[in-house]
Each structure stands twice: as C-alpha cells, then as structure tokens.
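Please look over the model below and follow the chain from one end to the other. The report after it goes from the whole chain down to single residues.

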Amino acid sequence: MGLQRLDVFLLIFARMMGFFTTCPVFSNRQVMIQVRVAISLVITLLILPLYREVPVPGGLPGLVPLVVQELLVGMMIGFVAALMFAPIQFAGELLDVDLGLSLVNVMDPLTQQQAPIIGNFIYLLALLLLLAIDGHHGLLLAATDSFALIPLSQSVLDVALQKHVVELAGEVFRIGFAMASPLLAALFLVTVAMAVVSRAVPQIHVFTIGMPAKAFAGLVVMATLLPLYALAFRALFERMYAHIYVAINFMK
C-alpha cells in the first residue's frame, strides 16, 4: 500500500471509528473495542478501492487535522442516531417518577451506570426491536453512504448543522413526553380515583395502599400498551434515519 493509499485508508478508518464510538448498539460497552476496530477495518477495506487519491496539503503533518475532521464526522453521524434514543429514556424516567420508582435504580450493563427501572426496560426493549428489524444494518448503510455524500477531507461542520442538532435535542422532550403521555394520563385517573375513595370512605388509608395500587395499575397499563410502543419505536427509527441523512447533507 503506497503512502497515498495509506492516507485514504486512515481517513476512512477514522470516520468509521468515530461512528462506532457514538452510534447506538455498537457504542455499548458490551461490544468489545476489538469488534469495533475489526468492523471498521473491514468496511474501510471495502470502501478503499472507491477512492483513488485524497489531496493532503502539507504532507504528513497536514494529515492529522484531516483525520480528526473525519473522526468528528463519524462521531456526529453516530451522535444524531444516539440522540433519537434519548426520548425513550426520557419517557422512561417520567414514568419512573409517576410510578414511585425513581428512587430505585438498577445497574445498566450497557453503560455501567445507574439507570431507572422503567427507563432502562423501555430502552432495552427499543434496542432489541432495532436489532430484530435489522435496524443496525440501516445504521451501517447510512455510515457507508456518507462517503458518497461527503467526500473525504471535504466535510463542513457549519452553523446549519449545529442548529439542526439543537432543534433535534429540543424534540427529545416533546417526543419523550408524547410517548409517556398515555400512561401518565392513566396514572392521573388512578390518582383521581384514589382521591374520590379517600373522600367517600375516610376509614381507608389511601396513602398506605395508594402507591402499590398505582404501581400495579401502571405496570398493567404499560403491558397493555407495549404493542403501541413497538409501533412508536418503529416510527422513531424512521425519523432517526431521516435525521441522519439530513445531518450528512449539512456536512457536505
């Protein structure tokens, strides 16, 4: 491999490694770094014949900022995909608070951090659904398509991209609240029912039986709504792919 081909190899490899650093599924701690490097290496070798030469001003010292630039491009593509999973976690945290489970956390094996019970359950359910519908293949396809849409060493991280990411971050709260709203409404009705019972039969200690009853009702309603959550996750994944390609177009 000549020096020019080595430059192209490093630029492609840097973008793929940046993508696997922040992308959902692949960035989890359970995916060993050796696996990420191996997949990045295979994809790099497959894409390498498509590029003849990349102009590198300044020789080898000028290659370093280009490698960092491609690394940031890959990280941005993966970050946009990961940002679309944030509404799922936000919705789960809202439900944990209303169900009285916000003080009980579990160790998330994927992030090695404390995570709320319902939020972690919904997040893992979304990841499993993404794998079941081969959504990770769509993420890999978006990463490889970026080389055709954004030529090596020609990416631009401008204000338009930053504005798009900020707007996308704002949608996290709106989408997350929309996903949690059906169950929040059901829990509100349970709270109202307990208030009516407390006024009608003062002898019943509502505060003693209220939280267990509310948690039980919430879990039953959530189990009933799981098919609807699956449809919501599919729609969210479609938005994720759309936002990825929008971000790629902003980086042209």
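## The chain as a whole

Of the chain's contacts with a separation of 6 or more, 82% join residues 24 or more positions apart. Contact here means heavy atoms within 4.5 Å. This is a predicted model, where local features need pLDDT of at least 70, side-chain atom pairs count only at pLDDT 80 or more, and totals for chains, interfaces and linings use all residues. Residues are numbered from 1 along each chain as its sequence is written, and side-chain values use heavy atoms, with hydrogens and water left out.

The chain contains eight helices and two strands. Both kinds of element are DSSP runs, numbered from the N terminus: helices are H or I with at least four residues, strands are E with at least two. Along the sequence, the order is α-α-α-α-β-β-α-α-α-α.

The chain has 252 residues, and 42% of them are buried. Buried means under 20% relative accessible area, exposed means over 50%, and partly exposed lies in between (1.4 Å probe, protein chains only).

## The nonpolar core

How many residues does the largest nonpolar core have? It has 63. Such a core is a set of buried Ala, Val, Leu, Ile, Met, Phe, Trp, Tyr and Cys residues joined through side-chain atoms within 4.5 Å. Phe-19, Phe-85, Phe-233, Met-240 and Ile-244 have the most contacts inside the largest core. At least two of its residues come from each of H1, H2, H3 (59-83), H4 (86-99), H5, H6, H7 (159-200) and H8 (206-250).

Take Met-240. Leaving aside neighbours within four places in sequence, Met-240 is in contact with Ala-81, Met-84, Phe-85, Leu-130 and Leu-139.

Now take Ser-40, in helix H2. Ser-40 has a relative accessible area of 0%, so it is buried. Residues up to four places away in sequence aside, Ser-40 touches Phe-13, Met-16, Met-17 and Phe-20.

## Aromatic rings

The whole structure holds seven aromatic pairs. Rings of Phe, Tyr and Trp (its six-membered ring) pair if their centres lie within 6.5 Å; planes under 30 degrees apart count as stacked, over 60 as edge-to-face, and the rest as tilted. Two of the pairs are set out here.

| Pair | Centre distance | Plane angle | Type |
|---|---|---|---|
| Phe-85 and Tyr-123 | 5.9 Å | 75 degrees | edge-to-face |
| Phe-90 and Phe-173 | 5.2 Å | 80 degrees | edge-to-face |

What does the pair of Phe-85 and Tyr-123 tie together? Phe-85 is in the loop between H3 and H4, and Tyr-123 is in helix H5, so the pair links parts 38 residues apart in sequence. Phe-85 and Tyr-123 are both buried.

The pair of Phe-90 and Phe-173 ties helix H4 to helix H7, across 83 residues of sequence. Phe-90 is partly exposed, at 22% relative accessible area. Phe-173 has 52%, so it counts as exposed.

Phe-19, Phe-20 and Phe-26 make up one aromatic cluster. The charged end of Arg-15 sits over the ring of Phe-147, 4.5 Å from the ring's centre. The rule for this is NZ of Lys or CZ of Arg within 6 Å of the ring centre and within 35 degrees of the ring normal.

## Helix H4

H4 has 14 residues. From first C-alpha to last, H4 reaches 20 Å, close to the 20 Å expected at 1.5 Å a residue. The expected span is 1.5 Å times one less than the number of residues. Among the buried residues of H4 are Ala-86, Pro-87, Ile-88 and Asp-96.

## Loop residues

Val-25 is not a glycine, yet its phi is positive, at about 75 degrees. Val-25 is in the loop between helix H1 (3-22) and helix H2 (33-47). Is Val-25 buried or exposed? Its relative accessibility is 12%, so Val-25 counts as buried.

Asp-134 also has a positive phi, near 60 degrees. Asp-134 is in the loop between helix H5 (117-132) and helix H6 (135-149). With a relative accessible area of 41%, Asp-134 is partly exposed.

Leu-157 is in the loop between H6 and H7. Leu-157 is partly exposed, at 38% relative accessibility. Leu-157 and Ile-248 are 91 residues apart in sequence and 10.0 Å apart in space, C-alpha to C-alpha.
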